[in-house]
Amino acid sequence: MEKKPALGQRLRYAFDNLMSRGTIAIMGLLGLATVGFVLAMALIVVILGAYPGDDDVGDFWDIVWGNLMRTLDPGTMGGDLGWGFRALMLVVTIGGLIIVASLIGIVSGGFDDKMQQLRKGRSLVLESDHTLILGWSAQLLLILQELVQANASRRKAAIVVLADRDKVEMEDAIREHLPDTGRTAIVCRTGNPMSPADIGIGNPLAARSVIVLTDDDAADPDAAAIKTVLALSHSLPDHEPGPQVVAALQDPANLDAAQLVSRGGVRWLLTSSLIRRLTAQTCRQRGLSTVYTELLDFHGSELYFTEQPQLAQQSYLEAQFAFAGSTVIGLIRGKEILINPPAATAIQEGDQLIVIADDDSTIATAVPGAVDDSLISTLQAPPSSPERTLILGYNAGVAEILGELAGYVPSGSSACVVTATPPSREPTVPGLSVEIREADTTSRPVLESLDVAGYDHILVLADRGQPDAQATDARTLVTLLHLRDIADRSGVRLNIVSEMLDDRNRELAEVTQADDFIVSDRLVGLMLAQVSENQRLAEVFASLFSPEGSEVYLRPVELYLRPGVEADFYTIAAAAAARGETAIGYRIGAHARSAARGYGVTINPHKPDKLHLVRGDSIIVLAEDER
């Protein structure tokens with residue numbers, strides 16, 4: 001037979017359960033104890049007849065009220081008479097002190113518990129139409145900065161960050177980097193981004209967009225991103241439209257699995273491939289990464305889609321001239337994206353224009369400006385010749401960079417890769433002769449022995465396999481300083497492009513006078529922020545970074561304008577259109593190394609403004625090929 005618990009055990013069990021219910025239950029129990037204590041002491045006074053005075057016959061409820069006042073205020077007993085009554089009231093007062101002290105302790109403890117709960121960041125987010133960021137990585141602070149800039153014209157905006165970190169630490173890091181968030185509220189919550197229950201804290205169903213980030217220390221970032229997307233899909237209803245979701249993948253081999261998990265509802269960015277394509281393009285064109293940064297960030301001009309019914313049946317060239325403060329670069333026709341289509345392409349009803357503008361509110365047609373054909377140059381570009389490229393450093397993306405490079409350079413071109421840790425097998429790249437040399441790229445004798453002046457392009461890569469990004473960038477800086485000194489001593493101009501891991505080190509690297517810098521983490525963060533606002537921008541960027549179709553080129557101004565003339569951008573756009581190109585800006589060569597002047601790059605200039613460009617300046621265009 002099962003032994004029944006004793007009464008004392010049952011009472012203790014009930015007491016334990018009551019105490020475990022939290023501060024309110026404890027305060028209720030203390031209140032009951034206070035009432036019982038006050039009633040008991042009043043009853044004792046009545047039974048013993050210990051009234052304050054010889055002729056007073058105290059009323060029971062008056063005594064209860066007096067006892068209650070003495071428990072709350074010890075000074076109440078100062079006017080009591082009669083030693084018997086005083087003794088009993090002293091007991092009441094001491095009991096009151098204990099009760100009040102307990103109450104203060106309970107309230108204080110409950111407040112501390114509540115603060116701890118708030119610190120844990122586990123409360124449900126009630127925001128709507130917000131951007132939800134799942135995870136914490138090196139790109140997060142940059143993404144927040146860009147989204148705050150993008151939200152500057154919105155009356156009310158919110159960003160929710162859900163990461164497996166302490167809420168207060170996240171808030172401190174964000175506040176240090178972004179002291180002023182304008183109209184955008186940034187809400188932090190602690191949770192596992194791979195848990196559907198934790199993702200629910202961020203209210204994803206009410207979100208406008210979701211950005212998936214992976215921890216910098218993740219052993220397999222792609223697997224972590226896929227698991228996060230899978231958890232997100234489980235936290236959303238099956239048959240209801242969800243928010244726009246964007247996530248990054250490093251290995252293209254994981255794309256098929258990622259798309260199966262997301263069922264086509266997530267825009268996956270193959271960031272490593274995009275960055276390597278950009279690296280291959282930039283090492284041949286000084287200032288190209290600055291152009292892409294201008295297009296990707298929310299400062300200045302960026303890409304927008306707009307439908308202008310009044311331009312239907314007009315040509316693509318006429319559409320370019322129809323905007324004074326915006327630059328048309330292509331069309332969206334159904335599922336097809338056309339970058340730099342032929343000038344005679346007719347705009348159809350329902351087509352959207354892809355434009356570069358300061359803000360969507362500034363996109364407006366205007367009276368077309370006049371083109372002065374007498375200012376347009378008839379000079380033709382010289383025939384291309386084989387190019388020599390020197391790559392200093394090695395990482396996992398070198399083979400892909402060489403493959404992309406082969407798609408741009410003329411036949412007969414070559415590349416030399418110098419690395420302290422050569423690969424086990426030399427990469428084979430059709431159309432490009434590749435040589436691997438084993439040497440320390442930070443060694444001055446090694447760099448002098450390479451005859452760097454004989455190369456058309458020099459690319460300094462960061463070793464991403466090293467755990468310390470600062471040490472890696474330090475080695476890159478040493479290499480750049482040696483190259484600058486070699487160039488100064490020999491009196492030659494070296495075309496140098498360098499990869500930096502930390503954007504903060506770019507300012508230090510500017511003293512090396514390299515022509516351009518690629519900060520891949522920054523570009524990845526900018527792309528994620530842009531695509532979170534408009535998913536179809538991913539297709540535009542993929543097209544711009546691809547060797548197929550039109551890409552961005554910086555070409556000498558003398559191919560477009562006669563020497564010494566002053567022309568507006570309408571005329572420059574017409575000169576570019578005659579070559580099958582779309583002009584989107586210009587670069588002043590004298591300002592190429594000045595961060596304060598945007599490295600000389602101006603995107604989406606005001607077309608009516610007159611420009612006096614000289615030899616050494618460039619026109620930034622979209623074109624099918626380099627010539």
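Here is a walk through this structure, from the whole chain down to a few single residues.

Keep in mind that what you have on screen is a predicted model. The chain runs to 627 residues, and buried ones make up 48% of them. Counting secondary structure gives 19 helices and 22 strands. If you take the contacts with a sequence separation of 6 or more, 73% of them link residues 24 or more positions apart.

Now for the inside. The largest nonpolar core has 75 residues, and Ile133, Ile354, Leu402 and Leu432 are the ones with the most contacts within it. Helix α17, residues 520-533, brings the largest share of this core, at 7 residues. Another core lies apart from it, made of 27 residues, including Ala324, Leu559, Ile572 and Ala623.

Next, pick out helix α8, residues 221-235. Which residues of α8 are buried? They are Pro221, Asp222, Ala224, Ala225, Ile226, Thr228, Val229, Ala231 and Leu232. As for what they pack against, the partners are the strands β1 (131-134), β4 (209-212), β5 (244-249) and β6 (266-270), along with the helices α7 (196-199) and α9 (255-262).

Glu558 sits in the loop between β17 (551-556) and β18 (567-568). Is Glu558 buried or exposed? Its relative accessible area is 17%, and because the cut-off for buried is under 20%, Glu558 counts as buried. Setting aside neighbours within four places in sequence, Glu558 is in contact with Ser377, Leu379 and Arg615.

Leu103, for its part, is in helix α4, residues 83-120. With a relative accessible area of 34%, Leu103 is partly exposed, since that class runs between the 20% and 50% limits. Together with Ile24 and Met27, Leu103 forms a nonpolar patch on the surface, and the three have about 280 Å² of accessible area together.

Key. Residues are numbered from 1 along each chain as its sequence is written. This is a predicted model: local features need pLDDT of at least 70, side-chain atom pairs count only at pLDDT 80 or more; totals for chains, interfaces and linings use all residues. Side-chain values use heavy atoms; hydrogens and water are left out. A nonpolar core is a set of buried Ala, Val, Leu, Ile, Met, Phe, Trp, Tyr and Cys residues joined through side-chain atoms within 4.5 Å. Buried means under 20% relative accessible area, exposed over 50%, partly exposed in between (1.4 Å probe, protein chains only). Helices (H or I, at least four residues) and strands (E, at least two) are DSSP runs, numbered from the N terminus. The expected span of a helix is 1.5 Å times one less than its number of residues. Contact means heavy atoms within 4.5 Å. Patches are made of residues with over 30% relative accessible area and no salt bridge: like charges are joined within 9 Å, nonpolar side chains (Val, Leu, Ile, Met, Phe, Trp, Tyr) within 5 Å. Accessible areas come from the Shrake-Rupley method with a 1.4 Å probe; for residues, only the protein chains shown count as cover. A salt bridge is a side-chain nitrogen of Lys or Arg within 4 Å of a carboxyl oxygen of Asp or Glu.
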